[in-house]
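Here is a short tour for someone meeting this structure for the first time. Have a look at the picture, then read on.

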Amino acid sequence: MFGTCLENVRARTPLVHNITNYVTVNDVANILLASGASPIMSDDVGEVEEITTICAGLNINIGTLNARTIPAMFAAGKKACQLGHPVLLDPVGAGASSLRTNTARQLTEQIDFTVIRGNISELKALVAGSGSTKGVDADVADAVTEDNLAEGVAFAKAAAARFGSIVAITGAIDLVADANTCYVIRNGRPEMGRITGTGCQLSGLLTAYLAANPGNELEAAAAAVSSMGLAGELAWARMNPDDGNSTYRNRIIDAIDHMDGATLNGGAKYEVR
Amino acid sequence: MFGTCLENVRARTPLVHNITNYVTVNDVANILLASGASPIMSDDVGEVEEITTICAGLNINIGTLNARTIPAMFAAGKKACQLGHPVLLDPVGAGASSLRTNTARQLTEQIDFTVIRGNISELKALVAGSGSTKGVDADVADAVTEDNLAEGVAFAKAAAARFGSIVAITGAIDLVADANTCYVIRNGRPEMGRITGTGCQLSGLLTAYLAANPGNELEAAAAAVSSMGLAGELAWARMNPDDGNSTYRNRIIDAIDHMDGATLNGGAKYEVR
Amino acid sequence: MFGTCLENVRARTPLVHNITNYVTVNDVANILLASGASPIMSDDVGEVEEITTICAGLNINIGTLNARTIPAMFAAGKKACQLGHPVLLDPVGAGASSLRTNTARQLTEQIDFTVIRGNISELKALVAGSGSTKGVDADVADAVTEDNLAEGVAFAKAAAARFGSIVAITGAIDLVADANTCYVIRNGRPEMGRITGTGCQLSGLLTAYLAANPGNELEAAAAAVSSMGLAGELAWARMNPDDGNSTYRNRIIDAIDHMDGATLNGGAKYEVR
């Protein structure tokens, strides 16, 4: 049950190591705290191995990728793998520059990621270089819809098999798949796309779910994705007519802060294919 | 009409490349999304030319200037100019250190900026080294007021002529000028100065307006400045007695999220000199 | 009186130089503005001496410590000391990595800090390497409680004597001590720990209080700590049932924005030991 995965985060309060971008890092920290986890941000190659050792999971996000922190991503990722910690990759903007695409691919080659989470265009860029991106947003032509859902599910499973990872592709419909099984999740609101970093926040949250649910990673990943979408729905219901995207950002994190297992079980909308 | 400039941002959804400071970057991203534009933040010299190529405009802000990102500012700026993209400079803290003043001046010498936006002290520092700053805020002695307005307008036009750029000088009264024409804009609230980064947010927004209104840059710049001030007024009207600057920050971005062309046309307060 | 210390910040509007982490930097800037001070963030070794010279106080925070900014911390700290400016150290995560522990210790050896502010585990790591941390949070085993308060007060005074600094140890009970005198402060709410960066915000605020109250540093430090806790109480009283940690963050900064000397005098809860 998704609710149990959530309750495990609250009970186990995992410490999550984040090497992430400076755009959305504050919201990532606050959503981790809202979930019951603890964040630590550390990106210097001189300390990341030590830091990740005291943590329960590692979240690598390339949203403001730069030469200073790339070696830290590899060092921390390899150390976390050695220790058996779950490691997540958020390949923000893969497809938008060679630096991002190549670094993301090299990371997948050298690190055994538990989950790779991105939009459909980023995942296509990772797999085959065939995705086009609009900066850090998915290209409309790539979007997973009800009409091309079977194709999307097949792609997610194939990508998962290719990387030996769980793949979480988020958009209007979210897909969370390993090579054999795909959760199709229909929580969320389109207005979440008007807030910077809901994807980054989800990646942090997802890492906490992985860290708190060892041995049950696929369901934990699906639960995290569903909880983020449900938070978007609950937060939207609390919006006043003049509230906009900045207030919506706060209310989504607030909704994660208040969510319990029963709420998630009651609100989760998904099927397994 | 200012409203048309705003509607063009919503219709054309320009992707804006930001090389900006890590203090206010999240708010810059959210206000760009609120306006209908899309942000991408990228500051590594290894990718900025590629990133700016897929964008429609470039926003360079020196708020946390450092040796790592200076080369990226020059590389991205030159590439954007070659491509005919609008490029904006926000010389945060010019006058406060030699590094900032000199880097900002070198940027203006090597890059053909569409708009230079700052407070009056920063612009004076850029022009003649005569401005004094109080950190990142304008010196009171420099302020443009109703009493010295003619002088301020003349300075703005002269600075615009000097740099071959539109100059946007923001403060209690905002001036947006090219060498011949100056918009004098009286939107805004003094309380906006108690929020970090309203200037940085405006620079991001302004770049989106430039990108969505090619061939009409002066009016687009004035429209962006007016819309930010109007958002400050509309947001202030929604404040509860115990709300303070953090809530005000959210409400201003919310107001941009809800603003349409008719609202801007109705609320804009300006004259042309 | 604590209220006078607060009013001095509003009257003197000190410019505070911050070399701080990119996680919570926006909130640090906004809380400084809320208090009546002005923030400037600058971390490049090529400008920090110039920047700190025009400021009235320096806040050094190692929350995202990295090789690029370490030399800037030493250069700015030494310059600020030469100028007689108050300098604060926030040793975020000391004890969590050798880089953090060693850098924090070297900073204390080479710079004469006015105040060192951290949680109990960070201070223990600084003093003797005996503290254990849970990332950037204090270890429960280290916590200062009513039961071990005498021991905590003795530790704070001893640490202050050791470093020749005021020591501010924040937690459920806050201790602000020099070698002879310790303020025991009981303002605050446990829910403040679910927001990222309330400690970082306090360090910025505390530096403003020091800068505005020369010659009265111990009381000023205690006043700043009390005001932050009181803001947490006042903000909590304004929370709606569905509000969570993100909204709470905004309301705390809002409460600082509205606080005056009389409110602080009326709400401060402390004793001197």
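Is Tyr270(C) buried, partly exposed or exposed? Tyr270(C) is partly exposed, with a relative accessible area of 38%; buried means under 20% relative accessible area, exposed over 50%, and partly exposed in between, using a 1.4 Å probe and protein chains only.

## Before you start

This is a predicted model, in which local features need pLDDT of at least 70, side-chain atom pairs count only at pLDDT 80 or more, and totals for chains, interfaces and linings use all residues. Residues are numbered from 1 along each chain as its sequence is written, chains are lettered from A and ligands numbered from 1 in the order in which they are written, and side-chain values use heavy atoms, with hydrogens and water left out.

## How the copies sit together

Turn chain A by 120°, shift it 0.0 Å along the axis, and it lands on chain B with an RMSD of 0.0 Å (superposed by least squares on the C-alpha atoms of residues with pLDDT of at least 70 in both). That is the relation of a three-fold axis. In chain A, Tyr22(A) has the C-alpha nearest the axis, 3.6 Å from it.

Only 16% of the interface residues of chain A are also interface residues in chain B, so the copies meet through different surfaces.

## The sheet in chain B

Chain B has an open sheet of nine strands with mixed pairing, in the order S2-S1-S3-S4-S5-S8-S9-S10-S11. Helices (H or I, at least four residues) and strands (E, at least two) are DSSP runs, numbered from the N terminus, and two strands pair if DSSP finds at least two bridges between them. At the edges are S2 (38-41) and S11 (270-272) of chain B, each pairing on one side only. From one strand to the next, the twist averages 20°.

S10 (residues 182-185) of chain B and S11(B) run antiparallel and are joined by three bridges. Ile185(B) has Tyr270(B) as its bridge partner in S11(B). Helix H2 (residues 25-35) of chain B packs on the sheet, where it touches S1 (15-19), S2 and S3 (57-61) of chain B; contact means heavy atoms within 4.5 Å. The direction of H2 makes about 155° with that of S2(B) (axes are lines fitted to C-alpha atoms, for helices over the stretch in contact, and angles run from 0 to 180 degrees between N-to-C directions).

## Rings that meet

Over all chains, the structure holds 12 aromatic pairs. Rings of Phe, Tyr and Trp (its six-membered ring) pair if their centres lie within 6.5 Å; planes under 30 degrees apart count as stacked, over 60 as edge-to-face and the rest as tilted. Tyr183(A) and Tyr270(A) have ring centres 5.7 Å apart and planes at 45°, so the pair is tilted. Tyr183(A) lies in S10 and Tyr270(A) in S11 of chain A, so the pair ties together parts that are 87 residues apart in sequence. Tyr183(A) counts as buried at 12% relative accessibility, while Tyr270(A) is partly exposed at 38%.

Over in chain C, Phe2(C) and Tyr270(C) make a stacked pair, 4.3 Å centre to centre with 20° between the planes. Phe2(C) sits in helix H1 (residues 2-12) and Tyr270(C) in S11 of chain C, 268 residues apart. Phe2(C) is buried, with a relative accessible area of 1%.

## A loop with a twist

Thr13(A) has a positive phi of about 40° although it is not a glycine. Most residues other than glycine have a negative phi. Thr13(A) is in the loop between H1 (2-12) and S1 (15-19) of chain A, and counts as partly exposed at 28% relative accessibility.
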